[in-house]
Amino acid sequence: MIRVLGIHDRVLSHLEAQCPTVVISARGNTISLSGPAVDIEAAQALLRELIQVAKSGIQVSDDDVVRAAAIQGQGGEGVTEFLSQPILTSKGRSIQPKTVGQKKYVEAIDAFTIVFGIGPAGTGKTYLAMAKAVQALQRKEIDRIILTRPAVEAGEKLGFLPGTLSEKIDPYLRPLFDALHEMMDPELVPKLLASGTVEVAPLAYMRGRTLNRSFIILDEAQNTSPEQMKMFLTRLGFGSRMVITGDVTQVDIPGGNSGLKVIGGILDGLDDIHFHHLTAKDVVRHSLVSAIVEAYARYDEREVNRER
């Protein structure tokens, strides 16, 4: 009961917020619902999902309540289905899709050779792609993982950085290193990097290469030029897969001529290439992140309408 309702019924209050027309009360090991019949049925289905999560040994969180309600509203299989199908298990926790949009994104990575994951910050575009890459390496489906991103400042000039070339580009690649250390044994990562089994490099290093039996991830693709995007896509070799992630609302390159913005019109209709769009509903960071993303989207829409 404590796993389901939380300490001091904290989870219960969030459950009531998702079902405002239903009164939920708990006494002993009994949970009672009262309200309109249709709404009780929906609340009951949601509560059963949370009970299944608790029975699996997981402490139900506030986010689980919101996520379960969202999945239920989108006609998803249920939050227990998501939790029972982890991509990876790392450091005692499971890595799996947490929204319907994320689940379809992961399924697309399995089904297509090239997948574009496009969406706002916090939707798990790169994180889930990296989890799939590590899974493929562990299953010996590929020989190496290649992680790359363009070295472009996010609206600020960093000047002439000190150190070696590796030290200069490290700040740009640090988010990829961080995610990698979360998914693999930290002691194993340096060995894989040294052997070339895992490679983290700026996009400029991709020119002239053919990448066979590799899982290649291009992060922050909105900051590639159309020419860079073409160069990257033509690196694809036999037995390889590519995932390209980015957010077309966060273009930092001068002039805003993003390769990610135009690629849909260029590749439209080609087989074995899939474009998957994630939305604010797929944000799994702090709930405020989703609200911020939606607020910016409304602002941008107002500005476009004003210009018209």
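Colleague: What makes up the secondary structure here, in helices and strands?
Modeller: The protein has 12 helices and 10 strands. Keep in mind that this is a predicted model.

Colleague: And how much of the protein counts as buried?
Modeller: Of the 308 residues, 42% are buried. The accessible surface comes to about 16,700 Å², with 53% of that belonging to carbon and sulfur atoms.

Colleague: What is the strand order in the open sheet?
Modeller: Going across, 6 strands line up as β7-β6-β8-β9-β5-β10, with parallel pairing. From one strand to the next, the twist averages 15 degrees.

Colleague: Why are β7 and β10 said to stand at the edges?
Modeller: Each of them, β7 (198-202) and β10 (273-277), has a single partner strand, so one side of each is left without a neighbour in the sheet.

Colleague: How do you know that β5 and β9 pair?
Modeller: Pairing takes at least two bridges, and 5 bridges join β5 (residues 114-118) to β9 (residues 241-246). The two run parallel, and Ile114 stands opposite Met242 in β9.

Colleague: Which helices lie across those strands?
Modeller: Helix α6 (residues 100-111) lies across β5, β8, β9 and β10, at about 150 degrees to β9. Helix α7 (residues 125-138) lies across β5, β6, β7, β8 and β9, at about 170 degrees to β8.

Colleague: Why is Gly259 called buried?
Modeller: Buried means under 20% relative accessible area, and Gly259 is at 1%, so the label applies. Gly259 is found in helix α11 (residues 259-267), and touches Thr224, Ser225, Pro226 and Met229, leaving aside residues up to four places away in sequence.

Colleague: Why is Tyr296 called exposed, then?
Modeller: Exposed means over 50%; Tyr296 has a relative accessible area of 56%, so it qualifies.

Colleague: What other salt bridge does Arg149 form?
Modeller: One with Glu220, whose closest N and O atoms are 3.2 Å apart. The cut-off being 4 Å, that pair passes too. Arg149 has 10% relative accessible area and so is buried, whereas Glu220, at 24%, counts as partly exposed.

Colleague: What makes Asp178 and Arg174 a salt bridge?
Modeller: The limit is within 4 Å, and their side chains meet at 3.9 Å, N to O. Both lie in helix α8 (residues 165-183), 4 residues apart, about one turn of the helix.

Colleague: How many salt bridges does the rule give?
Modeller: The count comes to 10. Arg139, Glu141 and Arg241 are linked in a network of salt bridges.

Notes:
Residues numbered from 1 in each chain as written. Predicted model: local features only at pLDDT ≥ 70, side-chain atom pairs only at ≥ 80, totals over all residues. Heavy atoms only, no water. Axes fitted to C-alpha atoms, helices over the stretch in contact; angles between N-to-C directions. Contact = heavy atoms within 4.5 Å. Buried < 20%, exposed > 50% of the residue type's maximum accessible area, 1.4 Å probe, protein only. Areas by Shrake-Rupley, 256 points an atom, 1.4 Å probe, with all protein chains shown as cover.
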